[in-house]
Amino acid sequence: MNIFEYKSYKTFLKAYCDSERGALTRLADAANTQKSYLSGCLRGKGQLSLDQAFGIAGYMNLSDQEQDYFYLLIEKEKAVAPALRRRLEGKAKDMSREAFRLKNQQKDSLIVTEGDSNMGLYYATWMSIAVHTLASVPQFQSVASLGKRLNLNQESIAMIVNYLEKMELVKKSGDKYRWNSSNIHLDDKSVLIGGHHTNWRARAIDNIQKNDQEATHYSAVQSFSEEDFEKLKKKIALFINDFNKVADPSEPEDAFCLNIDLFRV
C-alpha cells in the first residue's frame with residue numbers, strides 16, 4: 001500500500017484493515033487506544049491524536065516522508081477554518097505529487113544532475129546510451145558485435161566505447177567492453193532532459209516505421225478530469241517502479257527502450 005495514493009488518513013487505514021485479518025486490533029494496540037474507538041474514528045466519529053498516529057506509524061513502519069504525510073492528513077481533517085483546510089490540502093497535494101516524481105521511483109540508481117558536466121556527450125545522442133546498455137549483454141561486448149547490432153560503423157563504436165571507458169561506465173578486458181556502472185537516470189530538471197527524450201522518441205518513430213511486430217506502440221488522446229490526470233500520473237509512476245523491479249535484476253539478453261508520455265494536448 002502506498003499512503004501517497006490517499007487523500008484521507010481514514011481511507012488509508014480502512015484499506016489497510018481490510019487487507020489484513022486482525023489489523024484493526026493491532027493498530028488499536030499500537031495507538032494505545034480501544035479497538036472500538038479506532039473503529040469509530042475510521043467511520044467518521046472523531047479523529048486520531050498525533051500521539052496515537054505516531055504509534056500507528058511506527059507499527060506500520062512508515063518512512064519519515066510517509067509519516068509527515070500521514071500527520072498532515074490528520075491535521076487537515078482536524079482543521080475547522082476553511083482557509084486553513086485549503087492550505088493543508090494544498091500542502092498534502094504537493095507532498096503526494098513530489099513522492100510520485102519519477103526520480104523518486106529510481107531508488108537504486110545514480111541520478112545525473114547539473115554538476116555532472118562530463119555526461120553531456122553521453123546524452124547528446126541515443127548511441128552512447130545504447131552501447132553502454134548493450135555492454136551488459138555478453139554477446140554484444142565487442143566493437144564488431146556492437147556495430148552489427150546497432151547498424152553503426154566500427155569507427156563510431158570505437159569512439160563511443162573509448163569515451164565510456166574514460167567515464168568508467170564500461171571496463172575493457174581484452175577486446176571486450178563490459179558494463180561497469182549502476183543504473184543511470186537523468187534528473188528531470190536537467191537541461192539535457194529534452195534532448196534525451198527527443199532522441200529516444202525519434203528511435204521509437206524509426207521502430208514504428210519498420211513495422212516491428214514484436215514492439216508495442218500505443219497512442220490515445222482523451223479528455224478526463226484534472227483529478228484523474230493526477231491519478232493517472234501516480235499510476236504511471238508506480239508502474240515505472242514495478243518495471244524497475246522486474247527489469248533491474250533481469251539477466252541481460254538484449255537492450256530495450258520504454259517511452260511513456262502523458263501530457264496536455
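Modeller: Let's start with a word we'll need: two residues are in contact when heavy atoms of theirs lie within 4.5 Å. Keep in mind, too, that this is a predicted model.

Biologist: Okay. Then which elements do the buried residues of H8 pack against?

Modeller: First, the general idea. An α-helix has 3.6 residues a turn, so residues three or four places apart point the same way. Now our case. Helix H8 covers residues 143-150, and its buried residues are Val143, Ser145, Leu146, Gly147 and Leu150. "Buried" here means under 20% relative accessible area. Those residues pack against helix H7 (126-134), helix H9 (154-166) and strand E3 (176-179).

Biologist: And what follows H8?

Modeller: Asn151 comes after the helix, and its phi is positive, near 60°. Asn151 sits in the loop between H8 and H9. That positive phi belongs to a residue other than glycine.

Biologist: Is Asn151 buried or exposed?

Modeller: Exposed, with 71% relative accessibility. Glu168 is another one to look up: its phi is positive, about 60°, although it is not a glycine. You'll find Glu168 in the loop between H9 and strand E2 (170-173). Glu168 counts as exposed because its relative accessible area is 58%, and the cut-off for exposed is over 50%.

Biologist: Let's go inside. How many residues does the largest nonpolar core have?

Modeller: The idea of a core is simple: buried nonpolar residues joined through their side-chain atoms. Here the largest one has 33 residues, and those with the most contacts inside it are Leu13, Leu27, Ile56, Met60 and Phe70. Two or more residues each come from helix H1 (9-19), helix H2 (23-30), helix H3 (35-42), helix H4 (50-59), helix H5 (64-78) and helix H6 (82-99). H5 gives the largest share, 6 residues.

Biologist: Can we zoom in on a single residue? What does Leu27 touch?

Modeller: Leaving out residues up to four places away in sequence, Leu27 touches Leu13, Tyr16, Cys17, Leu38, Ile56, Tyr59 and Met60. Apart from this core lies another one, with 28 residues, including Leu134, Val137, Leu186 and Trp200.

Biologist: Next up, pockets. How do you even find one?

Modeller: Rolling a probe the size of a water molecule over the atoms shows where empty space is left. Take the second largest pocket in this model: it holds about 470 Å³ of space.

Biologist: Which residues lie nearest its centre?

Modeller: Lys7, Lys93, Ser96, Glu230 and Lys234, out of 19 residues that line the second largest pocket. H5, H6 and helix H11 (226-247) each give two or more residues to that lining. The largest share, 7 residues, comes from H11.

Biologist: How many of the lining residues are nonpolar, polar and charged?

Modeller: The lining has 6 nonpolar, 1 polar and 12 charged residues.

Biologist: That brings me to charges. What makes two side chains pair up?

Modeller: Side chains of opposite charge can pair when their charged atoms come close. For a salt bridge, the cut-off is within 4 Å from nitrogen to oxygen. By that rule, this model has 10 salt bridges.

Biologist: Let me try one. How far apart are the closest N and O atoms of Glu20 and Arg26?

Modeller: They are 3.1 Å apart, and the two residues form a salt bridge. Glu20 is partly exposed, at 35% relative accessibility, and Arg26 is partly exposed as well, at 30%.

Biologist: Which parts does the pair of Arg97 and Glu230 tie together?

Modeller: In this salt bridge, the closest N and O atoms are 3.7 Å apart. Arg97 lies in helix H6 and Glu230 in helix H11, so the pair links parts 133 residues apart in sequence. Arg97 is partly exposed, with a relative accessible area of 32%, whereas Glu230 is buried, at 18%.

Biologist: And Arg264 with Glu226?

Modeller: Their side chains meet in a salt bridge at 3.0 Å, N to O. Arg264 is in the segment after H11 and Glu226 is in helix H11, so they tie together parts 38 residues apart in sequence. Arg264 is exposed, at 56%, and Glu226 is partly exposed, at 47%.

Biologist: Which residues do shared partners join into one network?

Modeller: Asp94, Arg97, Glu230 and Lys233, through salt bridges that share partners.

Conventions:
Residues are numbered from 1 along each chain as its sequence is written. This is a predicted model: local features need pLDDT of at least 70, side-chain atom pairs count only at pLDDT 80 or more; totals for chains, interfaces and linings use all residues. Side-chain values use heavy atoms; hydrogens and water are left out. A nonpolar core is a set of buried Ala, Val, Leu, Ile, Met, Phe, Trp, Tyr and Cys residues joined through side-chain atoms within 4.5 Å. Buried means under 20% relative accessible area, exposed over 50%, partly exposed in between (1.4 Å probe, protein chains only). Helices (H or I, at least four residues) and strands (E, at least two) are DSSP runs, numbered from the N terminus. On a 1 Å grid over the protein atoms alone, a cavity is a set of points where a 1.4 Å probe fits but cannot get out, and a pocket is an open set with protein on both sides within 12 Å along at least five of seven lines; lining residues have an atom within 4 Å of a point. Grid points are joined across faces, edges and corners, and a volume is the space filled by probe spheres set on the points. Ala, Val, Leu, Ile, Met, Phe, Trp, Tyr, Cys and Pro count as nonpolar, Asp, Glu, Lys and Arg as charged, and the others, Gly among them, as polar.
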